[in-house]
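Student: I have a structure open and some questions about how to read it. Can we work through them together?

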Amino acid sequence: MLSSTRPRRSRRVAAATAGIASLALILGACSGDSEDPGTTGDGDGEAMDEEITLTVATFNDFGYTEELLAQYADEHPNVTIEHVTAAESGDARTNLTTKLAAGGEGLADIEAIEVDWLPELMQYPSLFADLPTIDGRWVDWKVEQATTPEGQLIGYGTDIGPEAICYRSDLLEAAGMPSEREEVAEWIGGEGATWESYFEAGKEYTEASGDAWFDSAQATFQGMVNQLDAAYEDPATGEPLDLATNTQVKDLYDQVLTAAVEDDLSAGLEQWGDDWSAGFQNDAFATMLCPSWMTGPIEERAGSIEGWDIADVFPGGGGNWGGSFLTVPASGANTEAATELADWLTSPEIQTQAFENSGTFPSQIEVQQSDEVLAYVNDFMSGAPAGEIFATRAQSIDGAPFKGANYFAIHAEVQNGINRVDLNGEDPEKSWETAVTDAQNVIQ
Amino acid sequence: MALLSPTKPAHARGGPDRPPRRLGLSQRLGRLDVKISPYLYISPFFLLFAVVGLFPLVYTAIVSLYDWNLLGGQGDFVGMANYVAVLQQPLFWKSVVNTFSIFLFSSVPQVIMAITIAAILDQNLRAATFWRMGVLVPFVVAPVAISMIFGRLYADQYGFINEVLGLVGVDPVAWHGDRLASHFAISTMVNYRWTGYNTLIFLAAMQAVPRELYEAAVIDGAGRVRQFFSVTVPQIRATVIFVVITSTVGGMQIFDEVRMYDSQGLGGPNRDWMTTVVYLYDVAWGNQKSFGRAAAVAWLLFLLIVLIGMINFLLTQRIATGGGRGPKVSRRHTKRLLAEARAAAASHDGPVPSAAPGGTPGAGQGSPPPPPSIPPVRPPAGPQSPNPGEDVR
C-alpha cells in the first residue's frame, strides 16, 4: 500500500534537486538585500531657485535636529530638507557602499561618512563631488584626511574625537589612589604622560585593589596605534608593510599585552560586546580611553553608577579616535545645492549647535575655543568640564596618521591577535604569528 | 479567449464530411489558444522564478569570473581565478567546517524535537489551539532580538548561564573562547527560532494521517511508540523529507545569529564561529570588497547545499521507509529464510543452526550458517535490495 504511493526514485531525486536549487536561489536572492535607510533625493536638477528636496543621510546622532535644519529652510525657501538617520554607522556604510556600487541610484544628496571608511572611498574619488576648499575652517589634519593625493576634497569635516582618560573616582578612592581630576591627571603622568606611566599607575591600582585597570587590551591598543604616523603602510607609495618585520607595531603589541596579561591590568572584555557593557555595572575596570563621543556610550551603559569622571590627560601625547565628514555623491541631481548645504552644516556656528545637541566635538578651529564649547559641563561625568578638557586635548593632536587601502584589513588581524590573548588567553607569540599569516591573506 | 472558444466545436463538427473551407483568423487563434494557454496559465511562476531565481544565479556566475570590486565595479575577466583564490584560503575551509558543525548541532536536534512535539500536540489535548500556536511564538520574535537575549545569556564573564553554572559549582564555559561551545550556543538560537515552525509543518502532516490506521494499529496491539514509528512516521515521510531539506538549506545559511553573537559579528578573533555565509559577507563587504570572490563563494556554497541536500534526501528516504515497516518485514522474511535454510541444512545432514532466535540479520551473521543460506538472509538489512518491498505487496 505504501509503496504504491511512491513515485520512482530517480524522478524524486530530480524533483528534490530542483526544489533545493530553487530554495537556495530564493534564499540567496533574499540575503543580498540590505536594509535601506536612505530615500531618494528627488531633485529635478533645475536652476537654484527652483523647488528642490535635499536628502541628508547620517547615523547615530550628529546633533542635526529638526529645528537646526529648519534654520536653513528659512533662509532658502525653495529647499526642503529630508533627514534620514541610520541607527548604526555600520548600517550607513553598507547602505552607502551598496548604492555606490549600483551606480549611485538612491543615494542621499549628502551622505555622512566616518573617518574609518575614508581609505576605501578615497580610492574612487570620482564617485564624490570635488568640494571647494574652505581655508582655515578646520584643523589642518582633518582636511588632510579627506583630501586625495590628487588634491580632491571629498568631505567636509563635522566632528573629531580628541581622547582623554575616563575613570571611576569611587574605585580609585577605595583603593587609596588619587581620585580628584587634577590629581589623577598628574598621577598618570600629567603633560608628559606616556603609556609606561599609564601602565605604572595601573600596576599600583591593581596591586592595591586586585581589580583591572583598563577595559580591554584591544581598545587600549587602538589608542596607541593611532599615534603612529604610518602604522601598516608606506605613506609614500601606499604599499602595505610586511607585518612580520613591522617592529613599531610589534613593540606596541608586546607592550599592551605585557600590561594586560603579565601585569593583569586588563579586564579582558571585548569592546562593545555584551560582557563589556555588563562590565560597567560590575565595576570591572577603573579607567578607559575616552574619545569625546565615548561619554555617551559610557553613560548609556553605566546608568546609575556614580563616580565616572574625566581626567585631562592622555598617554603618549594627543590622540584622535573617530570623527565624521559630510560628502556629496557625484551622482546626485543637485550637487551644487547639496554642496552649499554641506558647507552650511559644517560651518562653525551650526557645528556648535550640533555639539550642544549631541556632544560631538567640533573639528572647526575657531569654535573649539569658543565660550559655548568651553562652558559645556557633563553632568553624568561628575560635572566634569568636558568642553574645556576636550578642547585642551584637541590642542595636543598634532596630525592624523596615514591610513591607506589596506589599513583596516591589517589592523583587524592585529586586533584579532590581541583579542586572542586578552580574551582567550592564547600565547602572545603564537597569536602574533597567526596575525602575520592572516594579514598576508587579506592584503589586496 | 472566452469569445473564441465557441468557434472550436463548430469546426470539429463540420470536420469529417467536407474539407475545411478555410481557416479563419479566429479559428487559428482558437487553435493557438488551446496550445499556448496552458503555458500562459503556469507562466507567472516561471517568469517570477526567472527574475528572482535564475537571473541572480546566472549573474552571480558571471560576476564570479571577473575581478569585481564592491565600489570599483566590474574589472578584468579572470576566469576561474576567484574560485582558486577562495579554495586556497584557509579561512574558507574553516568556515565550511564551522557551518557543518553548527548545522549538525542545529538541524538534527531541531527535526527530532519538532517531530516529537508535533506527535504530542497531535494527541487530544485540552486547549489544543493554544498549545499549537504557542510553539510558533519564538518564530515570530525577530532574530536580532533573539540574538540580543541569547547574547546576554551566553556572555562569558557576566552571562546568565555562567552565573547559574557558578551557583552549582561548575566552571564557567568560555562561550566565546571555545570553538565547540560557541557552535552549541549559536545552534540553540537557531533551534529556538525554527523548532516551532517545523513542529507546525509536522503537525499539519500528522493531522492528515487517516485515523483508521491508528485504529487498526490499536487492534493489532500496537502501543503509542509503536504507532508513532510504524504509522505516523511512514505516513508523513514526504513531510519529513521536506523539513529535512529546508532545514538543511537554512542550516547551511546561518547568518543573523553569527552576526549578532559578538560585537564584530565576524566569528570572533579566531573566526571560530564564522559560517560560510558570514565569510561571503566579509569578502564582499568587509576589507576585501571583492564581489568576484564573494560570488565564487556563493556558487561553491550553492553546490555544497545541493550536495548535502541530496545526501539528506537519500538518508531520509531510507530512514523513513526502514523505520516504518523494516522490522516487521525483515523479521518475517528472515524467519522464512531461516526455516528454508534449516530445511536445506537438514537435507545436507549437517548440524542445524540453532542460532538466530530473534531472527535479526545481525544475529544470523553471528553464527555460521551453511553457505547457501547467507545471501538470502542479508538483503533485508540493505536498502538496495528490492526484496522487502515486493514481499509486502
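The questions and answers below go through a predicted model.

Student: How far apart are the centres of domain 1 and domain 2 of chain A?
Tutor: First find the two parts. Domain 1 of chain A takes in 52-160 + 322-374, and domain 2 takes in 162-320 + 385-442. Average over C-alpha atoms, and the centres of the two domains are separated by 28 Å.

Student: Which element gives the most to the side of domain 1 of chain A that touches domain 2 of chain A?
Tutor: The contact joins 17 residues of domain 1 of chain A to 19 residues of domain 2 of chain A. On the domain 1 side, H4, H5, strand S8 (320-327) and H16 of chain A each give two or more residues. That side has six nonpolar, eight polar and three charged residues. The top giver, with three residues, is H5(A).

Student: Is Trp138(A) buried or exposed?
Tutor: Trp138(A) sits in the loop between helix H4 (118-122) and helix H5 (140-145) of chain A. Its contacts beyond four places in sequence are Val143(A), Gly157(A), Ser363(A), Gln364(A) and Ile365(A). A residue counts as buried with 20 or more other C-beta atoms within 10 Å. Trp138(A) has 24, so it is buried.

Student: How many of the ten residues of helix H17 of chain A are buried?
Tutor: Helix H17 spans residues 386-395 of chain A and is mostly covered. Its cover includes strand S4 (156-168) and helix H12 (295-302) of chain A. The buried residues of H17(A) are Ala386(A), Gly387(A), Ile389(A), Phe390(A), Ala391(A), Arg393(A) and Ala394(A). The count is seven.

Student: At roughly what angle do helix H4 and helix H9 of chain B cross?
Tutor: Two packed helices are described by the angle and the distance between their axes. H4(B) passes H9(B) in a right-handed crossing. Their contact has 18 nonpolar, ten polar and no charged residues. The axes come within 7 Å, and the crossing angle is roughly 35°.

Student: What percentage of residues 39-62 of chain B is helix?
Tutor: UniProt, in an unreviewed entry, places a "transmembrane region" at residues 39-62 of chain B, among other spans. The end C-alpha atoms of residues 39-62 of chain B lie 29 Å apart.

Student: Ala127(B) has a positive phi; what value is it near?
Tutor: Most residues other than glycine have a negative phi. Ala127(B) lies in the loop between H4 and helix H5 (128-134) of chain B. Its phi is near 50°.

Student: Is Lys289(B) buried or exposed?
Tutor: Lys289(B) lies in the loop between helix H14 (276-285) and helix H15 (291-347) of chain B. Its phi is also positive, near 50°. Around Lys289(B), 22 other C-beta atoms lie within 10 Å, so Lys289(B) is buried.

Methods
Residues numbered from 1 in each chain as written. Chains lettered and ligands numbered in written order. Predicted model: local features only at pLDDT ≥ 70, side-chain atom pairs only at ≥ 80, totals over all residues. Buried ≥ 20, exposed ≤ 12 C-beta atoms within 10 Å, placed from the backbone. Helix = DSSP H or I, 4+ residues; strand = E, 2+ residues; numbered from the N terminus. Contact = placed C-beta atoms within 7 Å. UniProt positions renumbered as here; feature names shortened; annotations may be inferred. Axes fitted to C-alpha atoms, helices over the stretch in contact; angles between N-to-C directions. Left-handed = near helix turned anticlockwise from the far one by under 90°. Nonpolar A, V, L, I, M, F, W, Y, C, P; charged D, E, K, R; others polar. Domains from an automatic or database assignment.
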